[in-house]
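Work through the exercises below with the sequence and coordinates open. Each task is followed by a stepwise solution.

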Amino acid sequence: MSPCRFARRTALLALVAALAACSRGPVPESRPAFYQRLDQTGGAVDPASSLSMINLYRSNKGAAPLVWDPALARVAQGQADRMAAADKVHSVEEARLAADLAAAGISHKSFLANFSAGYRTFAEAFSGWRESKTHEATMAAPRATRIGLATAQAPQSKYKIFWTLVVVEPK
């Protein structure tokens with residue numbers, strides 16, 4: 001094969017490859033679940049990635065890992081929903097969380113909770129909680145063994161999203 005013919009064939013193959021690559025369309029953006037926007041309709045906390053991030057943090061602090069508790073997540077969802085409906089982050093006293101835990105049949109020796117709003121992603125919430133002495137104590141609670149976490153969207157609110165994290169120490 002002559003050098004000119006080889007060059008033309010190589011150029012043609014390169015052009016075909018380039019056109020084929022263009023026809024596939026854009027490559028979808030892929031980012032970890034904890035960076036997904038949850039303040040938009042349909043967003044929900046990813047239990048696996050959230051728990052993993054909190055447990056890594058706890059490990060670095062010498063605390064045992066937490067276990068995801070679906071019943072606690074339902075209690076957290078109820079709390080987040082009430083805050084979103086009221087368009088207000090409630091205090092621990094306003095939450096009456098002990099009554100919710102009892103109604104859900106969740107026995108505990110102690111519990112802690114984080115109530116917050118406005119964080120668009122779990123990564124933002126985690127960073128904010130880590131910087132708050134009270135919220136950090138909840139994430140790092142040394143005797144806690146179970147966790148529930150939930151969000152509720154409120155599109156008309158200035159916050160757009162409300163968060164509840166609950167940890168319990170068993171009896």
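**Exercise 1. Confidence**

What is the mean pLDDT of the protein, and what percentage of its residues reach 70 or more?

Solution. The model is predicted, so local features need pLDDT of at least 70 and side-chain atom pairs count only at pLDDT 80 or more, while totals for chains, interfaces and linings use all residues. Residues are numbered from 1 along each chain as its sequence is written, and side-chain values use heavy atoms, with hydrogens and water left out.

Step 1. pLDDT is the predictor's confidence in each residue, from 0 to 100. The mean is 85, and 75% of the residues reach 70 or more.

Step 2. Where pLDDT is low, predicted coordinates should not be read in detail.

**Exercise 2. The sheet**

Determine the strand order and locate the edges.

Solution. Step 1. Two strands pair if DSSP finds at least two bridges between them. The 4 strands give an open sheet, ordered β1-β3-β4-β2, with mixed pairing.

Step 1. β1 and β2 (110-117) each have a single partner strand, so they stand at the edges and one side of each lacks a neighbour in the sheet.

Step 2. β3 (residues 146-154) and β4 (residues 160-169) run antiparallel and are joined by 9 bridges. A152 has F162 in β4 as its bridge partner.

Step 3. Helix α3 (residues 70-86) lies across β1, β2, β3 and β4, at about 30° to β3 (axes are lines fitted to C-alpha atoms, for helices over the stretch in contact; angles run from 0 to 180 degrees between N-to-C directions).

**Exercise 3. Salt bridges**

How many salt bridges does the count come to? Is E169 buried or exposed?

Solution. Step 1. With a side-chain nitrogen of Lys or Arg required within 4 Å of a carboxyl oxygen of Asp or Glu, the count comes to 7.

Step 1. E169 pairs with R143, the closest N and O atoms being 3.4 Å apart. E169 is in strand β4 and R143 in the loop between α7 (133-139) and β3, 26 residues apart.

Step 2. Buried means under 20% relative accessible area, exposed over 50%, partly exposed in between (1.4 Å probe, protein chains only). E169, at 10%, is therefore buried, and R143, at 58%, is exposed.

Step 3. E94 and K88 meet at 2.6 Å, N to O; E94 is partly exposed at 37%, as is K88 at 40%.

Notes:
Helix = DSSP H or I, 4+ residues; strand = E, 2+ residues; numbered from the N terminus. Contact = heavy atoms within 4.5 Å.
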